[in-house]
Structures are given as structure tokens and as C-alpha cells.
Amino acid sequence: MSGILVVCTGNVCRSPMAEGFLREALEKRLGDEAPTVTSAGTAGWGGAGAMDESIQAAREHGVDIGAHLARRLDSGMIGDADLVV
């Protein structure tokens with residue numbers, strides 16, 4: 001598996017957190033063999049940062065999502081992913 005796409009509505013709270021947690025866990029377990037993890041939203045605010053509350057919640061668990069920029073889901077993203085969650 002080379003790519004995982006995590007999807008929610010806005011791509012500013014839940015999916016950025018899931019992306020960060022999943023990426024962290026896979027990198028710890030698989031190292032350089034870990035698949036790419038990205039996220040997008042069905043009604044995303046393209047280019048918006050993650051919500052402050054999401055950044056803080058992730059930080060409390062040792063995951064930094066502060067540089068996240070929201071992306072609106074498109075068919076190309078789905079086609080490129082091996083797994084869509």
C-alpha cells in the first residue's frame with residue numbers, strides 16, 4: 001500500500017488529526033516503508049489551517065499538525081489512494 005486518504009467534511013479538525021495520528025503510528029511501525037497519508041474534505045475550505053483546538057489536541061498526544069492546509073476532495077485524490085477512510 002502506498003497511499004492512504006482520510007476524508008471528513010471540512011478538513012480542518014477531524015481528518016487532519018486522523019492524518020497526523022495515522023502517519024505517526026505507521027512511521028513508528030514501518031519506518032521508511034510507511035505509506036503516504038493525506039487528508040481532504042468533502043466541503044473543505046481549501047488552504048485553511050487546522051482548527052486551534054485540533055492542533056492543541058494533537059499536540060497533547062505528541063503529534064504536530066500545525067502546518068496542515070485544508071484540501072477539498074476531488075476524484076483524482078480518490079483515484080490515487082489505495083485506501084480511503
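Is E19 buried or exposed? E19 counts as buried, because its relative accessibility is 10%. Here buried means under 20% relative accessible area, exposed means over 50%, and partly exposed lies in between (1.4 Å probe, protein chains only).

This is a predicted model: local features need pLDDT of at least 70, side-chain atom pairs count only at pLDDT 80 or more, and totals for chains, interfaces and linings use all residues. Residues are numbered from 1 along each chain as its sequence is written, and side-chain values use heavy atoms, with hydrogens and water left out.

## The sheet

Three strands form an open sheet. Their order is β2-β1-β3, and the pairing is parallel. β2 and β3 (83-84) stand at the edges, each with a single partner strand, so one side of each has no neighbour in the sheet. Strands here are DSSP runs of E with at least two residues; helices are runs of H or I with at least four residues; both are numbered from the N terminus. Two strands pair if DSSP finds at least two bridges between them. In general, strands of a sheet pair through backbone hydrogen bonds, either parallel or antiparallel.

β1 pairs with β2 (residues 36-41) over six bridges, in the parallel sense. β1 also pairs with β3 in the parallel sense, over two bridges. The bridge partners can be named. G3 stands opposite T36 in β2. I4 has V37 as its bridge partner in β2, and I4 also stands opposite L83 in β3. L5 has V84 as its bridge partner in β3.

How many of the six residues of β1 are buried? Five of the six are, so β1 is largely enclosed by the rest of the structure.

## From β1 to helix α1

β1, helix α1 (residues 14-30) and β2 make a right-handed β-α-β unit. Right-handed means that, with the strands pointing away from the viewer, the path from the first strand over the helix to the second runs clockwise.

N11 sits in the loop between β1 and α1. N11 has a positive phi of about 60°, although it is not a glycine. N11 is buried, with a relative accessible area of 0%.

Further along, A25 lies in helix α1. A25 counts as partly exposed, at 42% relative accessibility. A25 and C8 are 17 residues apart along the chain. Their C-alpha atoms are separated by 20 Å.

## Salt bridges

The structure holds two salt bridges. A salt bridge is a side-chain nitrogen of Lys or Arg within 4 Å of a carboxyl oxygen of Asp or Glu.

| Salt bridge | N to O distance |
|---|---|
| R23 and E19 | 2.5 Å |
| E24 and K28 | 3.7 Å |

R23 and E19 are four residues apart in helix α1, which means that about one helical turn separates them. E24 and K28 also lie in helix α1, four residues apart, about one turn of the helix. An α-helix has 3.6 residues a turn, so residues three or four places apart point the same way.

R23 counts as partly exposed, at 30% relative accessibility, whereas E19 counts as buried, at 10%. E24 is partly exposed, with a relative accessible area of 30%. K28 is exposed, with a relative accessible area of 67%.

## Helix α2

Which residues of helix α2 (residues 52-59) are buried? They are S54, I55 and A58. These residues cover an arc of only 100° around the axis, which puts them on the same side of α2. The arc is that of the directions from the helix axis to the C-beta atoms. D52 and E53 are exposed, on the other side of α2.

## A nonpolar patch

M1, L83 and V85 make a nonpolar surface patch of about 300 Å². Patches are made of residues with over 30% relative accessible area and no salt bridge; like charges are joined within 9 Å, and nonpolar side chains (Val, Leu, Ile, Met, Phe, Trp, Tyr) within 5 Å. Accessible areas come from the Shrake-Rupley method with a 1.4 Å probe; for residues, only the protein chains shown count as cover.

M1 lies in the segment before β1 (3-8). M1 counts as exposed, because its relative accessibility is 62%. L83, another member of the patch, stands opposite I4 of the sheet.
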